[in-house]
Amino acid sequence: QVQLVESGGGLVQAGDSLRLSCATATRTSIRTYHMGWFRQAPGKDREFVASIDRSGQGTNYADSVKGRFTISRDNAKGTLYLQMNSLKPEDTAVYYCAAKTVLTASYMHWGQGTQITVSS
C-alpha cells in the first residue's frame with residue numbers, strides 16, 4: 001500500500017505561483033509508479049490535471065493547465081511536484097496526487113488532498 005501525502009496548498013491571488021509536493025508517508029519508493037495530479041472543485045467531478053511516467057520523461061497535461069503547470073518527480077526523494085504558475089480563480093480546487101502501476105489502467109493510490117484557493 002502506498003500512502004501519499006500532499007502539501008503546499010493555500011490561498012493565493014490570481015497570477016501567483018505555487019508548488020505542490022506529494023511524498024509517501026512511509027518512505028516507500030515511487031520509482032515503479034506512474035504518478036498524476038487531479039483536482040476537484042466544489043460541485044464538480046474530480047478531473048485530471050497532469051501525469052508523469054516512471055522515468056519522468058513522459059508527461060501529459062489537461063488543456064486547461066497546459067503551459068502554466070509543470071509536473072515533475074524526484075525518485076531519489078520519493079516526491080512528486082506540481083509547479084503552478086499564472087494561477088486563475090478557476091484553478092481553485094482540492095488537489096490530489098495519485099499513483100498507479102503500469103499494469104493497471106486506473107490510479108490505485110490517492111492522497112488526502114490539499115486545498116488551493118485562488119482569489120481574483
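The model is predicted: local features need pLDDT of at least 70 and side-chain atom pairs count only at pLDDT 80 or more, while totals for chains, interfaces and linings use all residues. Residues are numbered from 1 along each chain as its sequence is written, and side-chain values use heavy atoms, with hydrogens and water left out.

**The sheet.** Strands here are DSSP runs (E, at least two residues), numbered from the N terminus, and two of them pair if DSSP finds at least two bridges between them. Strands of a sheet pair through backbone hydrogen bonds, either parallel or antiparallel.

**β3 and β8.** Select residues 18-24 (β3) and 79-84 (β8), which pair in the antiparallel sense over 6 bridges. Here L20 has L82 of β8 as its bridge partner.

**S21.** Remain in strand β3 and select S21. S21 is buried, with a relative accessible area of 15% (buried means under 20%, with a 1.4 Å probe and protein chains only). Beyond residues up to four places away in sequence, S21 touches V5, E6, S7, W37, T79, L80 and Y81 (contact means heavy atoms within 4.5 Å).

**D91.** Finally, select D91 in the loop between β8 and β9 (93-100). D91 is buried, with a relative accessible area of 1%. Not counting residues up to four places away in sequence, D91 touches R39, R68, F69, S86, I116 and V118.

Definitions and conventions: Helices (H or I, at least four residues) and strands (E, at least two) are DSSP runs, numbered from the N terminus. Buried means under 20% relative accessible area, exposed over 50%, partly exposed in between (1.4 Å probe, protein chains only).
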